[in-house]
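Hello,

Here is the structure we spoke about. Please look through it first, then read the notes below.

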Amino acid sequence: MHELVYFARTNRLAVAGALMLLAILVGIAVVPLWLAYGPNTLAVSERFVAPDARHWLGTDLFGRDVLSRLLYGGRYTLAVGCAVVALAFTVGATFGTLSGYCGGWVDALMMRLVDALLSFPSLVLAIALAACLGPSLVNAMLAVAISLAPGFARVARGQALSISARPYVDAAISMGLPHPHILWHYVVRNGLGPLLVQASLAVGSAILQTASLGYLGLGAQAPQAEWGADLAANLQYLDRSPWIALAPGLAILATVLAFNLIGDALASWSNPKTRSSR
Amino acid sequence: MRRLALFLALLCLASCQAPDDKAQLQTLVIAVPSDPVGLDPATNKAEPVGSEVILNLFDTLLAWAPPAFDHLEGRLASQWALSADGRQLSLTLRPGVRFQDGTALDAQAVQQSLNRAARLNPFLAASFRAIQRIEVTGPLTLRIDLAEPMPTFAALLAQPQAAIVKVAGLRPGQQPSGTGAFRLRRYSPDNELILERNDDYFRGPARLQRLVYRVIPDASTRRLELRYGGVDVSPPISQLATIPTDDIQAFAEDHKVQVVQARSQIIRQLDFNNDNPDSPVHDLRVRQAMAWAVDYDGLVNGILGGVVERVYGPLPTASWAFDPAMQATAFHHDPAKARQLLAEAGYPPGRLKLTLYGFQGAMWTSVATFLQANFAEVGIDVRIEQSEFSLLRARHVAGHFDIALDGRQPWYNDPDAHITQGYLSSLARSAMTFRMPPDPALDGLIVQARSVADASLRKQLYSQLQQQLMARVPAVYLFSNKLILFKRPQVQGLALNSAPPLVEYWSVYKEGPAP
Amino acid sequence: MNSFLGRRLLTAVPVLVLVLLMIFTLARNLPGDPAVALLGPDASEQQISALRSQLQLDQPLYVQFGAYLGRLAHGDLGMSLKTGQPVLTEVARRLPATLELTVLATLLALLVGIPMGMVAAMRVDSLLDQALRVLSLAGVSMPAFVLALMLQTLFSIHLGWLPISGRTSPYYITEPVTGLATVDFLLAGQPAAAWDACLHLLMPTLVLGSFLAAVVARYVRNSLLEALGEPFVRTARAKGLGEWRVVGVHALRNALLPAITVIGLHFADMLGGAILTETVFAWPGVGRFMLDAIHNRDYPVLQGTTLVFALLYMLVSLLVDLLYGVADPRLRHRGH
């Protein structure tokens with residue numbers, strides 16, 4: 001707790017990011033309960049209404065309430081970002097840890113696989129997957145997760161390698177402790193730090209990549225409210241009805257920036273030499 | 001060293017001037033959304049960008065006469081005549097026409113070109129399958145023998161795919177030589193296509209020196225380039241997948257860009273799979289219910305505001321065979337009736353669940369979203385699945401759908417372009433059809449309507465056809481895109497054809513101050 | 001050194017085969033028949049099956065893959081299903097455009113990112129440091145197509161300094177010699193056209209390089225901070241050397257390593273970013289070609305372009321490793 005306070009005091013940027021994130025989370029969790037309009041209620045007579053008392057952020061080309069789409073879309077987008085990272089983290093970290101712990105040919109094989117995956121641009125993978133399996137958010141998520149997993153694998157492997165080389169792990173092995181036990185209690189629990197930092201930064205990346213896929217029509221499918229898809233679909237109205245695209249756009253910017261600020265501060269924190277002193 | 005750098009910088013700046021006005025007035029920059037897929041009429045399968053370039057590189061025997069494009073005029077042919085029984089078309093060629101490599105155009109060259117196209121181009125096979133033989137009857141005369149009477153055949157010769165190329169000495173894979181107003185200077189794939197004036201063109205040299213087709217796949221970039229950048233013309237093919245309502249309003253206000261509109265004969269509709277007895281839409285009441293459920297006015301005037309027209313049946317209102325009585329008997333927005341019919345068919349609200357397949361793109365997304373809401377209102381649960389062109393075509397041909405959004409763009413100005421390929425049951429399993437089940441009476445009527453020579457009799461037959469087809473509700477007919485062309489005020493002399501919706505630039509020129 | 005190089009090259013081969021296998025399987029599972037896609041909707045069944053057997057599409061997968069590898073060994077990447085031209089030629093024609101962008105974007109990232117990181121580290125925890133950190137993080141917090149639109153709106157529409165899209169202005173034409181527009185125009189003696197081509201390069205490079213620049217800045221800052229805490233820095237300061245010399249010469253050498261590795265790590269991301277950038281700016285590169293190939297089910301092109309991307313990535317990886325080995329003496333003599 002004491003450490004947390006110290007962290008907060010010396011990393012004002014991270015605090016700002018955390019507060020932003022908190023505001024966003026509260027907003028998308030709570031406010032929809034009071035909204036008058038749903039995200040998919042069409043009203044052909046009320047298209048492109050500028051922000052006013054009834055529609056705080058105006059309406060889009062179908063007459064749907066932009067605020068409602070923003071908040072419901074936020075739920076979707078954040079859920080997607082976290083799910084993608086959770087998947088990438090689990091798969092990547094597991095492989096990487098095992099790879100670093102086992103060493104030898106297992107390590108070599110896994111790292112070749114990681115290299116092969118890394119040389120695939122995630123966008124190509126996503127498009128190909130979407131073409132194979134049909135365009136849907138789930139497939140886009142799968143593709144982004146596959147593209148993020150090698151990053152986790154690398155970090156996890158590095159951690160596993162350095163921890164496995166420590167004397168206390170040697171001692172545990174010679175004591176005859178079972179490998180899964182060693183893996184969990186020594187390697188994983190000690191090596192979690194950098195992985196969590198990586199995860200925090202990866203959420204932002206996942207949201208951005210999903211947005212790019214939405215731009216190409218491969219993310220969330222109509223009429224699902226989602227920040228990336230809404231932003232991409234409404235950029236063309238920026239001249240005359242800017243609020244429709246600005247809302248999801250700024251939301252993406254704020255959320256990703258928040259995650260990045262927190263992650264960046266955590267990264268600096270975990271290395272004593274780069275730790276802030278003010 | 002420093003002095004050298006300064007000198008180079010000054011040299012750079014000194015020579016950095018914008019291209020002079022004369023070059024600017026002589027060059028037309030056209031923005032297209034994709035590369036041409038084939039610049040050889042014999043291999044181009046009705047792909048729009050390539051087809052437009054072909055019309056400017058080559059000539060057809062006959063062409064639609066500007067500015068109204070409602071009748072044919074001779075292009076490479078000076079005279080033509082259909083025999084009384086409608087089975088022989090005689091053509092006389094214009095003398096003195098040369099291919100761009102200098103060779104003279106004669107009847108034998110035309111015969112070779114048409115035979116080659118019929119042999120190589122599967123798209124043409126559908127329309128040229130009626131050709132039995134092409135016979136050269138003189139140095140500048142030839143006769144085409146048809147297997148059955150076909151009054152529309154002359155119109156088929158105006159298609160870009162039927163343009164005349166020089167076949168003699170042509171190696172496989174080589175770009176053939178044409179007679180057209182422009183010649184191909186360079187094609188840089190994914191980037192641009194440069195055409196230059198053919199000074200020996202038989203109608204007189206074009207007024208522009210150079211045409212540059214710029215390939216700009218991203219719609220918002222195209223828009224920016226048109227308003228603020230160097231693009232002069234955005235032809236209709238660039239606007240067909242978007243909803244340019246906003247752009248039209250914006251251009252009306254700032255006068256930087258002018259809008260040219262024309263009606264088209266395109267039909268966009270919601271297809272039913274008429275070929276599957278297990279599908280829920282096999283029941284006529286379900287199809288009728290869905291037709292009553294659509295808010296046509298909201299779609300045409302609201303969502304797609306001002307850039308489309310309503311279509312009331314199998315033929316668009318712009319077709320000469322359109323029966324005005326269709327307007328009175330067409331479906332309109334009546335959710336109560338829809339719900340009643342659905343109940344009769346055994347589908348209480350929420351029971352019927354369907355997947356709506358559609359193409360990608362802003363316009364299709366909007367239409368699909370709107371229809372989904374309409375159907376939800378009457379208790380039909382519709383899930384939208386959009387995918388890309390080849391996937392959807394495969395799905396259509398295999399019949400793996402219940403409802404799907406699709407459209408049809410005719411390539412010649414005749415009602416037959418919509419009817420035969422769409423509704424003839426023998427063609428049901430090929431592409432771009434409504435998968436009609438076998439119906440000898442209907443099929444007979446279709447064949448008769450296209451073979452009869454007398455125009456007023458044809459019109460009567462097509463009226464009958466429209467009514468009979470509407471009674472079967474093979475689709476929910478939605479709208480027809482207007483052809484919208486954007487141009488800079490400097491650009492003059494443009495004429496917009498509707499079928500096919502392509503632009504010939506021979507008569508186009510630029511004048512006036514640069515923007 | 002040689003053993004290091006040899007080892008790295010040897011390990012690259014199975015990775016390449018793995019990549020090829022992945023893309024091969026993926027491509028073959030794309031629904032939608034390429035024969036149908038090529039011949040169009042009006043082709044007859046006979047024509048379609050004739051084309052399929054001509055393209056060997058009816059053989060079992062392992063036979064097709066084996067044949068592909070065999071041809072690859074002879075430098076034959078196959079023929080594009082769409083244009084019928086050899087894939088190698090088509091890719092080679094578009095490669096200079098992509099290389100132009102990626103190389104310049106990398107240079108930009110280094111030129112902008114390193115000084116930014118240096119300044120942030122030297123003024124650590126100050127307002128400037130915080131501002132630079134936020135700026136670099138904001139740079140990676142928005143989707144590329146938004147950044148592109150913002151730059152286009154600012155530089156093309158409001159200021160009118162830069163062209164909106166494309167590689168050259170339609171009024172300048174020259175024959176392609178090297179495939180690089182600026183060089184070709186200079187060779188043809190058209191300096192105005194060359195300058196125009198440079199202007200066209202600016203925005204796509206900015207968009208592509210900004211993300212990498214932000215990442216580089218952050219890494220340089222952090223590793224510089226690490227280096228500045230080392231004893232040798234204190235020694236240098238005690239010796240009375242100026243701050244810039246201390247940081248610029250001594251500390252930077254140590255900090256450059258992470259900057260270089262970061263580029264290696266993120267290069268694949270940048271190649272992916274190139275796809276979107278090329279689409280928005282109508283840039284005729286390999287990325288866009290790959291995108292089209294997926295839409296057209298053009299398997300040979302898809303395989304060929306992925307191979308090229310994978311090779312590029314591995315080349316950069318190798319270079320980074322070599323540089324690392326050269327720069328860090330501790331690694332230089334470690335034999336494996």
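**Where chains A and C meet**

In this predicted model, 36 residues of chain A are in contact with 42 residues of chain C (contact: C-beta atoms, placed from the backbone, lie within 7 Å). On the side of chain A that touches chain C, at least two residues each come from helix H4 (104–118), helix H5 (122–133), helix H8 (179–215) and helix H10 (243–270) of chain A. Helices (H or I, at least four residues) and strands (E, at least two) are DSSP runs, numbered from the N terminus. H10(A) gives the most to this side, with 9 residues. By type, the side of chain A that touches chain C has 20 nonpolar, 11 polar and 5 charged residues. Here Ala, Val, Leu, Ile, Met, Phe, Trp, Tyr, Cys and Pro count as nonpolar, Asp, Glu, Lys and Arg as charged, and the others, Gly among them, as polar.

**A sheet in chain B**

Chain B has an open sheet of 4 strands in the order E4-E5-E7-E6, with antiparallel pairing (two strands pair if DSSP finds at least two bridges between them). Strands E4 (77–82) and E6 (131–138) of chain B are at the edges with a single partner strand each, so one side of each has no neighbour in the sheet. E6(B) is joined by 6 bridges to strand E7 (residues 141–146) of chain B. Ile134(B) has Ile144(B) in E7(B) as its bridge partner.

**Conventions**

Residues are numbered from 1 along each chain as its sequence is written, and chains are lettered from A and ligands numbered from 1 in the order in which they are written. Local features need pLDDT of at least 70, side-chain atom pairs count only at pLDDT 80 or more, and totals for chains, interfaces and linings use all residues.

Regards

Terms used:
Two residues are in contact if their C-beta atoms, placed from the backbone, lie within 7 Å.
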